[in-house]
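Here is a short briefing on a two-chain model.

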Number of protein chains: 2
Amino acid sequence: MSDILGQQFIDGQRSALGQQPLQSIDARSGQPLPYVFLQADEREVQLAVEAATRAFAPFRQLSPLRRSEFLDAIAEEIDDLGDDFIALIGQETALPEARIRGERSRTTGQLRLFAHVLRRGDFLGARIDQALPQRQPLPRVDLRQYRIGVGPVAVFGASNFPLAFSTAGGDTASALAAGCPVVFKAHSGHMATADRVASAILRAAQRTGMPSGVFNMIFGAGVGQALVKAEGIKAVGFTGSLKGGRALFDLAAARAQPIPVFAEMSSINPVILLPEALQQRGTTLAAELSASVNQGVGQFCTSPGLVIGLRSPEFSAFIAEFAATMGQATPQTMLNAGTLRSYSRGLAHIAGHSGIRHLAGQAQEGNQARPQLFQADVNLLLDGDPLLQEEIFGPATVVVEVADAAQLLAVLHSLHGQLTATLIAEPTDLQRFAPVLPVLEDKVGRLLLNGYPTGVEVSDAMVHGGPYPATSDARGTSVGTLAIDRFLRPVCYQNYPDACLPEALQNRNPLGIQRLVDGQWSRLPLG
Amino acid sequence: MSDILGQQFIDGQRSALGQQPLQSIDARSGQPLPYVFLQADEREVQLAVEAATRAFAPFRQLSPLRRSEFLDAIAEEIDDLGDDFIALIGQETALPEARIRGERSRTTGQLRLFAHVLRRGDFLGARIDQALPQRQPLPRVDLRQYRIGVGPVAVFGASNFPLAFSTAGGDTASALAAGCPVVFKAHSGHMATADRVASAILRAAQRTGMPSGVFNMIFGAGVGQALVKAEGIKAVGFTGSLKGGRALFDLAAARAQPIPVFAEMSSINPVILLPEALQQRGTTLAAELSASVNQGVGQFCTSPGLVIGLRSPEFSAFIAEFAATMGQATPQTMLNAGTLRSYSRGLAHIAGHSGIRHLAGQAQEGNQARPQLFQADVNLLLDGDPLLQEEIFGPATVVVEVADAAQLLAVLHSLHGQLTATLIAEPTDLQRFAPVLPVLEDKVGRLLLNGYPTGVEVSDAMVHGGPYPATSDARGTSVGTLAIDRFLRPVCYQNYPDACLPEALQNRNPLGIQRLVDGQWSRLPLG
């Protein structure tokens with residue numbers, strides 16, 4: 001295994017200009033692990049951005065095939081990391097081994113999927129309008145458009161996915177695929193893990209001949225602001241809290257040259273239980289929903305934080321069974337002490353409200369999170385109270401009972417933007433509650449039927465995004481191949497000779513990609 | 001002709017709650033025209049946003065074919081407006097008749113092009129990953145993605161294109177195509193024109209059965225801020241000054257729910273004259289460039305404001321000829337008195353600088369704009385002085401001489417983001433100055449070779465956009481069919497039955513569109 005030096009990764013080298021030490025912590029015991037990191041100092045933030053800026057021109061001009069080799073090589077290097085790597089992640093995050101191995105597969109699968117996207121070439125958005133010299137009243141010039149990377153991207157790792165939303169996660173993979181060098185801000189919760197992954201990326205960059213500044217990583221709590229303010233950074237990817245994401249968004253918007261921020265922040269992921277489904281399988285639903293809430297100690301952006309049903313004996317029975325199951329769920333260790341403190345604060349915040357009733361869960365104590373179930377008065381939502389709108393990160397959820405179909409619609413209208421919304425429904429429910437669908441569609445990035453939002457497939461059709469505050473920009477997704485779109489912008493060439501055009505736009509179509517030629521999709525070369 | 005009532009257009013009706021009168025002015029004489037408008041009051045801004053919000057759900061759920069009928073009908077209604085309409089625009093803007101007729105054709109052609117895009121259906125971005133129930137270790141659920149409108153869009157009309165960038169211009173057409181109702185803020189420079197066009201849109205909406213709030217228009221200088229702050233508005237399109245665009249951007253970013261702003265603002269559109277081209281056709285270039293600078297009184301976002309050449313006898317000769325031609329160009333009437341004042345201020349601002357030399361142009365006086373040519377010391381750009389970076393809106397341009405190829409590259413690196421950059425070059429120039437191309441590519445939305453940036457084709461491949469400050473978001477274009485992307489966001493359906501899916505995603509592919517199915521592009525129905 002490679003040494004964990006605890007230094008910044010800048011321009012393919014290590015850098016140790018800072019003085020402030022940062023300690024890696026064992027998530028289960030709270031004791032220090034034998035890994036100490038240096039917080040990046042301001043010079044190092046600038047050096048990392050400068051390295052990424054130098055790398056941008058050569059990197060973005062590589063053919064997509066060359067970049068796909070790089071992504072495939074990163075995947076190989078990460079897959080080749082040994083059992084010590086898996087054990088290290090477990091130490092830093094308290095995640096179980098099976099989960100870590102699954103997350104690694106997902107992460108390297110995601111890198112390979114973006115390599116496939118690069119070979120497929122449709123992300124280039126090639127469009128050609130050939131010259132029409134005879135057109136009246138004015139001739140048309142030759143116009144050709146494709147998409148290039150926006151420039152160096154700052155990526156902020158998330159605590160809850162030390163691999164899939166971290167150093168070589170979806171934001172990094174999609175930025176690199178787009179031709180954008182990355183400056184990655186490692187999360188303090190898994191710095192040693194990040195160090196191992198960054199070393200893997202560097203090995204992949206070296207053996208595929210990438211520019212030295214294509215990937216950079218810095219450590220430290222205070223460096224994020226300087227990173228987002230740095231002139232060379234042209235876009236930001238972030239996964240974390242609403243407060244943190246909004247702060248970065250505000251910084252980016254206040255720059256002399258504002259830049260886009262794709263922050264995935266806060267979602268309560270409503271699950272709506274419709275009557276016929278409740279009647280047919282209420283007991284099963286109580287068990288399944290409890291499993292979804294408790295999966296991974298509720299440490300998912302898509303964890304169901306709000307369960308809505310219509311007042312009925314069936315819903316009352318469901319609530320009783322749900323409370324029984326939630327009450328029996330076992331305490332588990334969270335990602336780190338800070339996450340547990342946030343969870344406890346979130347519980348205390350809602351538990352103190354007069355419109356909230358505690359249904360199940362042991363009192364919070366010790367260093368493990370205890371699952372909690374609450375019931376909230378529907379008026380909290382109808383009156384626009386913000387209490388229920390922000391997620392509690394952890395194994396807690398809130399049940400809300402609505403009087404009828406009209407009140408259900410009113411409640412759904414009251415919700416802020418979400419990553420997901422789930423309908424538990426039978427066919428007759430879908431007919432009776434048809435007006436619910438377009439309301440949800442307008443609120444979320446992903447609509448589920450008879451499933452649970454935890455579990456996010458990495459594919460072409462996935463959307464892990466949604467209106468604010470689920471994300472800061474509803475037009476993006478941070479999971480799935482469409483994520484690459486966030487870091488691309490169109491460029492048009494007017495009257496350029498074939499030899500000066502990028503391959504994607506040359507007459508003979510050397511990449512063999514699909515292009516929009518004079519309004520028709522085609523893979524044919526041009527005459 | 002329809003009556004010009006001077007009232008707001010809200011929810012398919014007229015509204016006159018405000019008290020403050022606004023006068024339409026004859027651009028040539030400066031005298032009042034017989035049209036008085038009421039400034040919208042705050043209630044009317046809210047009512048317009050509420051009407052658009054009510055219209056959103058039904059409008060976005062219409063099939064793309066229905067929306068294409070609406071856009072085609074708007075085009076017909078505008079084409080049917082009589083000679084009095086053309087004359088009215090001439091009165092309000094001082095634009096010549098041929099230009100107005102050309103701009104009308106462009107505007108209605110643009111509406112019809114978006115109608116075609118709606119029929120083509122690729123804007124829907126349909127992606128389908130079919131279920132893989134046997135996949136190991138976990139089955140894959142059925143996932144389907146397409147794109148829906150973001151919500152009501154606020155559009156701000158530009159002074160310089162009373163049709164193509166105004167009431168029924170590119171921002172409105174692309175927003176309506178995306179399924180987003182529009183609240184349009186009319187420009188004070190052509191309110192009667194805007195009134196006639198809004199009436200045409202309303203007739204089209206009525207005869208194609210659109211929701212009544214699909215298009216709304218408000219008048220007044222102070223109403224833009226309230227419009228951008230209104231909670232129901234989900235995106236903004238703007239064409240105008242850097243100051244105005246940035247102010248709206250800042251307002252939108254500071255909202256509780258921030259929204260994207262697509263502001264097209266400031267570009268100096270550098271033209272680089274390379275040596276061999278200068279040697280072969282310097283005299284022609286001086287005449288052509290002068291014509292481009294003076295076209296439409298220089299009132300184009302793409303007017304060439306910076307001309308760069310390499311120190312040489314040929315470039316000196318070019319400057320002399322360019323100065324002679326610019327000095328003979330005739331004064332012309334600008335769009336309105338405010339535009340002329342801004343032009344004069346812009347000239348005075350740069351003329352007073354020690355690094356600037358005045359080469360040609362009569363002293364500014366009277367109510368017409370006089371073409372002006374300046375030469376600037378290259379160090380103004382190399383030292384990062386902001387003086388030359390912001391456009392002077394009007395028939396003025398600045399020549400800069402660079403010492404050699406290396407200094408040319410340094411100057412190009414110093415430029416801020418641009419809508420366009422133009423190379424005037426022979427094949428040997430392109431070989432010798434090959435490193436110039438990627439530098440320009442990183443700065444602009446459109447690269448031209450041996451043409452002039454004035455004149456923007458409306459087509460699939462056009463990009464009228466670029467890095468800040470050319471626009472506030474380099475990922476968009478405000479001209480061409482890609483403009484629709486700005487107002488769309490992806491939504492994913494997981495495990496939805498065919499009957500509940502939008503047509504774009506149903507198995508039998510009733511729209512007959514191209515879709516990305518399991519990673520392959522296909523128009524076939526699914527089994």
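Predicted model: local features only at pLDDT ≥ 70, side-chain atom pairs only at ≥ 80, totals over all residues.

The same surface serves both copies: 100% of the contact residues of chain A recur in chain B.

**The contact between the chains**

- Chain A brings 55 residues to the contact, and chain B brings 55 residues.
- On the side of chain A that touches chain B, the elements giving two or more residues include helix H8 (242-253) and helix H15 (436-441) of chain A.
- Strands S5 (127-129), S6 (143-149), S18 (444-449) and S19 (488-494) of chain A are also among them.
- S19(A) gives the most to this side, with 6 residues.
- By residue class, the side of chain A that touches chain B holds 30 nonpolar, 14 polar and 11 charged residues.

**Strand pairing across the chains**

- S19(A) and strand S18 (residues 444-449) of chain B run parallel and are joined by 3 bridges.
- Which residue of S18(B) is the bridge partner of Tyr493(A)? The partner is Leu447(B).

**A β-α-β unit in chain B**

- S8(B), helix H6 (residues 191-207) of chain B and S9(B) form a β-α-β unit, and this unit is right-handed.
- Strand S8 (residues 182-185) of chain B runs parallel to S9(B), and 4 bridges join them.
- Val183(B) has Asn216(B) as its bridge partner in S9(B).
- Strand S9 (residues 215-218) of chain B is covered on both faces.
- Phe215(B) and Met217(B) lie on one side and are buried. Asn216(B) and Ile218(B) lie on the other and are buried too.
- In a regular strand, side chains alternate between the two faces of the sheet.

**A loop residue in chain A**

- Where does Asp26(A) sit? Its place is the loop between strand S3 (21-25) and strand S4 (32-38) of chain A.
- Asp26(A) counts as partly exposed because it has 15 C-beta neighbours inside 10 Å.
- Leaving out residues up to four places away in sequence, Asp26(A) touches Gln31(A), Leu33(A) and Gln91(A).
- Asp26(A) and Gln91(A) are 65 residues apart in sequence, but 5.1 Å apart in space, C-alpha to C-alpha.

How values were computed: Residues numbered from 1 in each chain as written. Chains lettered and ligands numbered in written order. Contact = placed C-beta atoms within 7 Å. Buried ≥ 20, exposed ≤ 12 C-beta atoms within 10 Å, placed from the backbone. Pairing = 2+ DSSP bridges. Right-handed = clockwise from strand over helix to strand, strands pointing away. Nonpolar A, V, L, I, M, F, W, Y, C, P; charged D, E, K, R; others polar.
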